Amino acid sequence: MVKAKAKPGPLARRPDNSAFKQQRLPAWSPMLTAHTVLPFFYILALICLLLGVWLLLTVQSTQEMKLFYTEAKTCAECFEKRENVSLAAEECRCTVTFLIEKAFKGDVFFYYGLKNFHQNLRRYMDSRDDGQMVGRKSNLKNPSLYCSPFSQDQNGLPVAPCGAVANSIFNDSFTFTYHKSASQNIPVPLLRNGITWYTDKNIKFRNPRMGNLTLDQVFEGTTHPPYWQKPVNELDPDDPTNNGFINDDLIVWMREAAFPNFKKLYGVLCRDNKPFTKGLPAGNYSIEITYNFPAQRFQGRKQVVLTTLTWFGDPPAATAAGHSGPVPRTTPPF
Amino acid sequence: MKWRNPVDLVRDALRGQRARDKDLRNLVSNLPYEGLEKSKQPNRHFPGNAIKTTKYTLLLFIPVNLFEQFHRMANLYFVGLAILNFVPVVNAFQPEVALIPICAILSLTALKDAWEDFRRYQSDRKLNNTPCLIYSRKEVGFIERCWKDVRVGDFVKVVCNEIVPADLLLLYTADPDGVCLIETANLDGESNLKQRRVVPGLCISDPRFEPESFNGIVVCEKPNNNLNHFKCYVERPDEEKVGAGLESLLLRGCTVRNTDHAVGFVVYAGHETKSMLNNGGPRYKRSRLERRLNVDVIFCVILLFAMCIVAAVGHCLWLQAVPGVPPYLVPDSAGRLDSPALSGFYMFFTMIILLQVLIPISLYVSIELVKIGQIFFITNDIDLYDEGTDSGMQCKALNITEDLGQVQYIFSDKTGTLTENKMVFRRCSIMGVEYPHKENAIRLNVLEEAESEEEIIFNQPPRTGWSMDFENSEPEGRHHHHHHHGSRRKSKVSGQGQKDVAFSSPLETDVIPDRKLLQQISRSQEKDPYLDFFLALAICNTVVVSMATARRRRASWFSPSGRTNNPLETVSTLVKKVGSLFTSGQKPIHQHLTVSKSDMVIEEDDLSSEGIREKTEDLDGLETCSLHAASPSHKESAASDNLRYEAESPDEAALVYAAKAYGFTLLARTPDSVTVRLPSGKDLVFELVDTLAFDSNRKRMSVLVRHPITREYVLYTKGADYAIMELLGTPYAEHFSGSEKNIASDTQHHLDCYAKEGLRTLCITKKVVSDKEYMSWSLQRQRALAAIEQREELVMETAVQLETNLSLLGATGVEDRLQENVPDTIIALREAGIQVWVLTGDKPETAVNIGYACRLLEEEDLVINMSCKNKAVCTSILDCTLEEVRRYDENPQNVDTTPNISLVIDGRTLVMALSPDLENRFVDLTKRCRSVLCCRVTPLQKSKVVKVVREKLKVMTLAVGDGANDVNMIQAADIGIGISGQEGMQAVMASDFAISRFKHLKKLLLVHGHWCYTRLANMIIYFFYKNVAYVNLLFWYQFFCGFSGTAMIDYWLMIFFNLFFTSVPPIMYGIMDKDVSAEILLGLPELYRTGQGTGEYNFFTFWISILDAFYQSLVCFFIPYLVYVDSDVGLFTFGTPLNTVSLFTILLHLSIEIKSWTVVHWIIQVGSVALYFIVTLAYSAICITCNPPSNPYWILQSQMADPMFYLICIITTVVALLPRYMFHVIKNSIAPSPLIQAKLLDRLDPSARERCIREWRSFRGGVHLEDSRSSTPPSPALEIPVEMYTKSTGAAELMEDEFVLNVITDNYLRHNGPGT
């Protein structure tokens, strides 16, 4: 059948007798039968089992605490107050207390969480101008059409930062206190910067640069988003590396969450001083909340989450997978 | 240019339109008007010879191309989506981004079109600028111009080996007989020389032809595309009309051969020439798989709409449930929110844009690519290559490869398809005496053995010397080399040289005379039936005689490149011609040179030999001319051995060679005379009065000659026996002696015997026409020839008038041998579950015998013969048989004992059986028959049969044939296969696939058909799965984003995902996957059955894969969801692992489906994954703000730094693919399909495999198969079935029959052309 000969003239149109053209390339054809496949299955099962055990152990070693404060205790008053938009400018503070029974070892992360807040609606997501955030002057004065209707105020002044995402920023703030004893109240130090992705802070978000002008001068001629109390250049007047568009809270908020129930990093426990060098000791704690974010308008709930970190997760971007996830599935289903 | 009144211009244009549309055109010479402005030219309304096959012009390319492209539904779909995206309320992505797919597709297609058009433009330009000679009055001679300058009404001169630039009415040739020989290989592939003659009585061949003296009006019909038909007459100034037909027309694209030069009058130019009108585009057929696919695409559309409605309603309900005005609902610029219902309505369209990939537009592009790849492999298969003709497989229809894997019915022609179409003279019967030619039979057996044992043909001494051509000594000379090399292939190569002329293999040309007959001839006198018989064999044909040395250069297909050498060649030809007058004696030297050079080529075996061959052939071409120049004087002296016969049908050649073997050598044929050399050495020159050409209604041809000695008008007729027997001059009349009466019945008896042996029969008759009879007939004939209305009918009528009262001389039996491996192939095809029908124009007896020889019929078969004369009988026979056959079928006990039923039916009965009321019953009967043999069917009946079976049974049909008579059938079937054999190229041109031997059908169907089908079917299923699985990820996400149409994957990455990351693997899968090896497929033909009917791609498999896609997408979405729920994950951070996971799932899913992994598979699979990571990483590193709001900057990088990402990838992929994997494993372990079992055989070593195949066959095919394998092919003299035959259709019945049979001897039908 095989005619492997050089090509003489009269057989000019004879096809090449190469393995490729004759479809005779050496091939591996696996047979999917129980016989051949079982060993592979066992190996796979073993791998999954080991992974599962490992994960289970890590998950058990993490600690997490959630604290809903939407209408908790004194906050109920603030909750009612925020229902009325006209009272938005009025400050409202409330305090929640809680008990940590078992000490949090290692790094402790402080999150705020929202339930039923859809940061992932298409129109909402589109309503932002990355060009403005990256510090382009043209976008600062002429925000993208996507920001509409939050691109200009009634007077025609451009909004900075524009769009619905920035406008609806979570603006509660927290003061965390450790009640070591009835009289000894130690404020828990939280690191409030370094909570964003490095790339966000340094590349994707930048303040517009204009020679020797100060930040206030740069943002002159713009207005703050309608829901905001203060302009963007006054977010953190003390720290120029945390002011304007490069404010950590703003950056964290601008990374839209994938699901309507989400949490966002608020701060990381600073372990420089006692008694927090090993984490959070067990005991009574309280959080004083500057209650600004209206939750009743979307029937949402607000919470504070404290977790330690597992071995996986990229601090501070990701966190432990928690109790759900792949763990129950790691054992092969046969 | 002078200003002209616009009204005049319009009037002139209208007049031109009318002139072009008129049924008859009046053309006059351009010469008197030479140099005048255009408006004065008489032929200005007719197009010039410049051709333009380009579709576009430079300026209008973009608009015209866009217009063309928007004719496609798919493009409209894309444009619709893009436009939808520009509507702000419904857009899903940024409008500009949504333009990417449509722009990519449009610009790619436009580029391809532009390139193709440019190629066409180049070739047009080359053709238009090829030089030719046009007569100019000013120069008083032919001057060199370009093809594009030729106009209707010009006089064009063509020289030897030049291609004719336009359709020319031949007015003058250099030949004293007014003959010009042409080769039409460029047009229809027929390589034999055809004779064209000047229009008689117009220009008396002066030593010099003067176009200026031509002052007639040429009246011709409107241009049409029939290559075999042309009507025209020339009205001379004295108002006499001279008729002319195709025999005086030189078609554009033909090559002038063996004629020094010729001058013609241009009747059609440019696009109106017949060759251009015949230049149809490629055929477009839609395969069954594609039709099924379109149904599933509609399912996809329904699915898409369902999902969009779910999303729309969901969005509406979600909005209603939202309390108050939450900060995440963005109002419009006026600060208002749309009502939930309206938003839901908008959402419907948004979702269509978002989920658009569900409709697999890219599938169509992929299918086309896959088919190109499949065709590449089919055409490159070395097993489908025939060395004898140096031709492989050709695919003409590019989009029905997978149909080859689903064939259920094969309709085959017999002559030239099952048989070689190499006619070998076997026996003859003269005056009722049979001459068996035993010696000749022995010689043929020797030849056959030599071939079957793969020995060198030329080692045998088949030649006995007396019919040795000059040319034949060449292979003999070469033979030494082959002997040394001992290679069969090489000997075949050398045989190639002879193949230049059709029907001239030694098998056909050499006939050993019967000793008894030789003695009989030597005793015969001048007026003797024996003499007449052989004279008739030699004369009664249209064979053209050429010199053996005049080997022709094969022109390649109308290629301009072949043409460009021409001017040079022409010049050298002229030089050579002059030289040859002096050097004719040197001829042998050239010959020698040729021989030695070709020998060198063979010895060296090298690739550059082509160039050398070209040169030697050029030499030959020159010789053609030199010989010809010397022709009048040399003709006489030319040795009869130097003759070559160029016949249009192999039968004719066989008979002429037979006559030559007995010493009756046809020496020359001119339009007016035929020269025959008698055994005595005397040359007889017959004045050729008329030739009554063959036509399919008369089924015979005649020549009317004037005997040089007796001066009588003699009519020799030869034709199909049943056509001739009706016309015998009252054989029972008194004036014939008793013996005469017996001749007819004896001959009929011999004819029946011949037919039983499977020989093709012809009857030879003679008639002496009295002068008076001739005179009256010739007047009618003249009138008929000059007629332009109904010319054919009139001409045929005159022929019928003359062909009466013939007296029978004898009959001939010509054998047409079976092609190699035909029985094998037919058995394999039948085992593959394919019903094989043979449709032939031959007699039932001949057909039945061929049927047995090729194993279409088996000894133990029950052969039902249907042959009836009227419909009532036919109906009752049909009913009875059907009843009986049903009884066999219904009785389950009979399963093993029931013989296979075969049906033999003749053309006449077939007509009745196919009438609307009997059609269903007939089809029902044939469905139960294993094989069906239709005899004496016309081309139209052939196609009718195919159509009826195809439409009634809804089966996939394949028709295979080689001649013009099969064209109808080939076009009627789902798949038409042409065999590029000896009979021209018409079947091949009409076909979808062209093969060179019947045996190739086996591998083509069983291997390539099966592969193509399974590959494509699985690829399509996979494609549907892929789209659904991917798009559903987006759909599931809608449940978490308030059905707002958010995509969590960057839009660019989505496009890339379909465009780059997952597109190549399925295409490679569709081209290269191999479920079972070719050896197994050939060894176990029944594996082919898996593809028949609905095959692997059906309702079930489609929905299974859709369900699987749903499952996998659920897994791919929800495992990452559960991982990230309640976390601080960002939207696109969540989308990235999702995208990665679905890439792994989709690619690994394919890996499960891939049956055999070659290097290519590995490279493409691994490459796709690598490409994904490289492109995505690069994109994530570069793109900071380029695609808001997705903004993928550094997302994949940060994900890849997270171990969780890898964990998700592994676990999700495993969980997603487990069911499919388990399904395959369990199915293969518990109930493996035949294909899987066969695949197991593939892993065995060859000998074990062989044994297993045998066991399998005996296990599955039962005892019967084994039996039929071991038994030798039955001898032709079979008792039972054939007897059934003779009982029903005796000779007497045939002769009595008044029914006009529409039966034609196969090979003659080519005259009918494809138009019938």
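Figure 1. The term buried stands for under 20% relative accessible area, exposed for over 50% and partly exposed for values in between, with a 1.4 Å probe and protein chains only. B:Cys1209 is buried, at a relative accessible area of 6%.

Residues are numbered from 1 along each chain as its sequence is written, while chains are lettered from A and ligands numbered from 1 in the order in which they are written. As the model is predicted, local features need pLDDT of at least 70 and side-chain atom pairs count only at pLDDT 80 or more, whereas totals for chains, interfaces and linings use all residues; side-chain values use heavy atoms, with hydrogens and water left out.

**Figure 2. The disulfide between A:Cys75 and A:Cys94.** A disulfide is a covalent bond between the sulfur atoms of two cysteines. Over all chains the structure holds three of them. In this pair the sulfur atoms are 2.1 Å apart, and the torsion about the S-S bond is about 85°, so the disulfide is right-handed. A:Cys75 belongs to helix α2 (residues 75-83) of chain A and A:Cys94 to strand β2 (residues 93-100) of chain A, so the bond ties together parts that are 19 residues apart in sequence. Helices (H or I, at least four residues) and strands (E, at least two) are DSSP runs, numbered from the N terminus. Both ends are covered: A:Cys75 is buried at a relative accessible area of 0%, and A:Cys94 counts as buried at 2%.

**Figure 3. The disulfide between A:Cys78 and A:Cys92.** The S to S distance is 1.7 Å. With a torsion of about -85° about the S-S bond, the disulfide is left-handed. A:Cys78 lies in helix α2 of chain A, and A:Cys92 in the loop between α2 and β2 of chain A, so the pair ties together parts that are 14 residues apart in sequence. A:Cys78 is buried at 1% relative accessibility, as is A:Cys92 at 5%.

**Figure 4. The disulfide between A:Cys147 and A:Cys162.** The sulfur atoms of this pair are 1.9 Å apart. A:Cys147 and A:Cys162 both lie in the loop between α5 (137-141) and α6 (164-167) of chain A, 15 residues apart. Both cysteines are buried. With bonded cysteines counted along the chain, the disulfides of chain A follow the pattern 1-4, 2-3, 5-6.

**Figure 5. Residues 37-57 of chain A, annotated as a transmembrane region.** The annotation comes from an unreviewed UniProt entry; UniProt positions are given in the numbering used here, feature names are shortened, and annotations may be inferred rather than shown by experiment. In the model, the chain over residues 37-57 is 100% helix and 0% strand. The end C-alpha atoms of this stretch are 30 Å apart.

**Figure 6. Strand β24 (residues 713-719) of chain B and its partners.** Seven of the seven residues of β24(B) are buried. In a regular strand the side chains alternate between the two faces of the sheet. Here B:Tyr713, B:Leu715, B:Thr717 and B:Gly719 point one way, and B:Val714, B:Tyr716 and B:Lys718 the other way. Strand β23 (residues 700-706) of chain B pairs with β24(B) in the antiparallel sense over seven bridges, pairing being counted if DSSP finds at least two bridges between two strands. B:Arg706 stands opposite B:Tyr713. The two strands form a hairpin with six residues between them, and B:Arg711 in the turn has a positive phi of about 60°. Strand β25 (residues 759-769) of chain B also runs antiparallel to β24(B), joined by seven bridges, with B:Cys763 in β25(B) opposite B:Gly719.

**Figure 7. The largest nonpolar core.** This core has 116 residues; a nonpolar core is a set of buried Ala, Val, Leu, Ile, Met, Phe, Trp, Tyr and Cys residues joined through side-chain atoms within 4.5 Å. Helix α34 (residues 1000-1038) of chain B gives the most to the core, with 19 residues. B:Met1048 is one of the residues with the most contacts inside the core.

Conventions: Disulfide = S-S within 2.5 Å.
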